[in-house]
2 protein chains.
Amino acid sequence: MSFIKPRSTETTRDRLLTAAEMAILHKGYAATSIEELIAEVGITKGGFFYHFKDKSALVEAILERHLGAEEAWLDGLFARAATESDDPLAEFLAFLRILREQMEALPDVHPGCLIAATCFQERLFTQVVHDLARQNLLAWRQRFHARLTEIAEANPPRQQVDLEALADMLVVLVDGAIILSKTVREKEALPRQIGLYETFVRGLFSEGE
Amino acid sequence: MSFIKPRSTETTRDRLLTAAEMAILHKGYAATSIEELIAEVGITKGGFFYHFKDKSALVEAILERHLGAEEAWLDGLFARAATESDDPLAEFLAFLRILREQMEALPDVHPGCLIAATCFQERLFTQVVHDLARQNLLAWRQRFHARLTEIAEANPPRQQVDLEALADMLVVLVDGAIILSKTVREKEALPRQIGLYETFVRGLFSEGE
DNA sequence: CGGTCTACTGTACCGACGGTACAGTGACCC
DNA sequence: GGGTCACTGTACCGTCGGTACAGTAGACCG
């Protein structure tokens, strides 16, 4: 570590991960070079390969860190929603509203989804990367499916629906809306799609309009 | 053209486009090398750069060809739906059913969406590529928005919705479901999400039930 | 005080790949 | 027979991912 430790709390490895995550989300994986990252962090190539055996291992580490943070963030949103009501449906709708508001509050179009970015470049990543992405989506499915099952027991749905597909629908809408908002450059696309999902859920499970 | 024209109808350029489209959808853009493509088609590097000034120009050409074919395919689906009914809602629902059935009939998971693949690698492509993708999504929006407006006039929606967002929702679901199905390796994900969209639209605009 | 471990530096090098330059050539077209 | 089209063939360049490995400054440890 040259001569002075810059910040003892934030390791070089962490700074690499942060720089790489930002660069990959904004420019794409292929357009993010190792040389550029080490220049930003201030280390040499040898230092990079001391921490990560190759570029794909870097993505593995980013995904692992990111998925943990995402889980905690979702927990936080659900906890906030739980303070608003005890009814499962009202609580879930509150969660969706809070999620939508957070997406509305973003200054720019959402920078993108790491999972979506990896899924379109199959051969560039190790199996570990794809497995992490898979586990993440299955965790979302499970989380929302549990909530929806609880809701459907108390409020029989107006139309017959596959609750697992309905659980998937939220993450599908989020990923799809990120593509839409990035492509047409409309940051409102993401909160609007979440709003439609709220409408769908409310329409399905609410009794009196 | 070496000595014998292999197939006078299909030009070398077309064969390059086809080979590249397949390779990019299945392996990703960065993992598809020019050398591999020319080996498959049986030309030299000079021949490649005679047709395309760089790799990004290849993607432009693929997108242009693909988007034209997609438009024609959608027209075909709508035409088939139109034979089933004269009512706008019933016709739109028939279109969605046909679309879902086509996606169900695919042998494997959908190979992917070129637009989604380009949007996560901003710096790798020219502005032309991004503009083509943008125009395509806006065309889908316009097409479906017109149908939905017509439907909403005849069938006042049960809940208040943004019809433009509802139009976007279909393409958002398709792109998102492709990500989901590729990542968790479940080919049913795409038709299931289209099925949910059918449920949503039917629930919004149908009187009875 | 000496030894070991961690976290690098520095240098040199390799192969793959995108891309350039340009001269030549066979087939067809007016 | 002259020109254009659609290439071939060869040589070369810069960038980038990745390898190899020797050296070293500082921390921690007995």
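Author: Domain bounds come from an automatic or database domain assignment. The model is predicted, with local features needing pLDDT of at least 70, side-chain atom pairs counting only at pLDDT 80 or more, and totals for chains, interfaces and linings using all residues. Residues are numbered from 1 along each chain as its sequence is written, chains are lettered from A and ligands numbered from 1 in the order in which they are written, and side-chain values use heavy atoms, without hydrogens and water.

Reader: How far apart do the C-alpha centres of domain 1 and domain 2 of chain A lie?

Author: Chain A is divided into domain 1 (1-52) and domain 2 (54-205). Their C-alpha centres are separated by 29 Å.

Reader: What area do domain 1 and domain 2 of chain A bury between them?

Author: Buried area is the accessible area (1.4 Å probe) that two parts lose on being put together, summed over both. Carbon and sulfur atoms carry 68% of the area buried between domain 1 and domain 2 of chain A, and the total is about 1500 Å².

Reader: How many salt bridges are counted between domain 1 and domain 2 of chain A?

Author: A salt bridge is a side-chain nitrogen of Lys or Arg within 4 Å of a carboxyl oxygen of Asp or Glu. The side chains of A:Arg65 and A:Asp14 form a salt bridge at 3.7 Å, N to O. Between domain 1 and domain 2 of chain A, the count of salt bridges is two.
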